[in-house]
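Please look through the points below with the model open.

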Amino acid sequence: MNHSLSNTARLLGAGLRALLVLTLVTGVLYPLAVTGIAQGLFPGKANGSEVRADGKVVGSSLIGQAYDLPLKKGQETPAPDLKWFQGRPQNGLGSNNVNTQYRLILSGATNRSGDNPELVRWVKEAKAAVVRDNSTAGYRVKPSQVPADAVTSSGSGLDPDISPEYAALQVHRVAERNGLSTGQVRKLVEAHTEGRTLGFIGEPRVDVLELNIALRDLVGGS
């Protein structure tokens, strides 16, 4: 009986020691090592790919923001603030009536098929809105100019980027609303257009948050 209890005590002691060692290695040392390596080699990515303006974090280069006007009484959906470049249609983003305001709610896609009647209606309405919102007194947008990313959301609904074509489509409207020349705004878009990753991965893109921060600085300095 005593021999059996002694064996049990030894097994329990060994199990406890193993638990403590594994907890120390996998729960403390390994996370500290990975965190230290990440902070040393990839601090930007390790900290959430933060975007800063005026000395403070205003968002992430990996997550889009909405640029909308405050909701009016009786409105269910906020209207876009057309002095800013607009991103893709978004699922799961909070309203943003200040350039660097950031609030995330959720992420997700519609999961509707391409011939879904409701999706078709959404795309048609979005296309008409893009044409209307981006046409100015001296520049008329044609429906054929509207790129796909202007009327469809990404799979996550949180895409921070738009195509250079969609950014270019907004140049006349942004210039008019901010008292700038189209040349100034076009140069801004060109300066914030990134090519394919490693030259062959993905598509050329423009990060809307970083573009709008640069736009704000340009307006403030002009």
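1. Asp 161 is buried, at 17% relative accessible area; buried stands for under 20%, exposed for over 50%, and partly exposed for values in between (1.4 Å probe, protein chains only). The model is predicted, so residues are numbered from 1 along each chain as its sequence is written, local features need pLDDT of at least 70, and side-chain atom pairs count only at pLDDT 80 or more, while totals for chains, interfaces and linings use all residues. Side-chain values rest on heavy atoms, with hydrogens and water left out.

2. Asp 161 has a salt bridge with Arg 205, the closest N and O atoms being 4.0 Å apart. The term requires a side-chain nitrogen of Lys or Arg within 4 Å of a carboxyl oxygen of Asp or Glu. This pair links distant parts of the chain, 44 residues apart: Asp 161 belongs to strand β3 (residues 161–162) and Arg 205 to strand β5 (residues 205–207). Strands (E, at least two residues) and helices (H or I, at least four) are DSSP runs numbered from the N terminus. Arg 205 is partly exposed, with 21% relative accessible area.

3. How many salt bridges does the structure hold? The count is 10. Side chains of opposite charge can pair when their charged atoms come close.

4. Arg 216 and Asp 217 meet through their side chains in a salt bridge, 3.4 Å from N to O. Arg 216 is partly exposed at 22% relative accessibility, and Asp 217 is partly exposed at 46%. Both residues belong to a network of salt bridges that also takes in Asp 54.

5. Glu 50 and Arg 52 form a salt bridge between their side chains, 3.6 Å from N to O. Glu 50 is partly exposed, with a relative accessible area of 39%, whereas Arg 52 counts as exposed at 53%.

6. Is Gln 170 buried or exposed? Gln 170 is buried, with a relative accessible area of 0%. Its place is the loop between α4 (164–169) and α5 (171–178). The Gln 170 side chain makes a polar contact with the side chain of Arg 173 at 2.7 Å. A polar contact is a pair of N or O atoms within 3.5 Å; within protein, one must be able to donate a hydrogen and the other to accept it, and residues adjacent in sequence count only if both atoms are side-chain atoms.

7. With neighbours within four places in sequence set aside, Gln 170 is in contact (heavy atoms within 4.5 Å) with Trp 84, Phe 85, Gln 86, Asn 134 and Ile 162.
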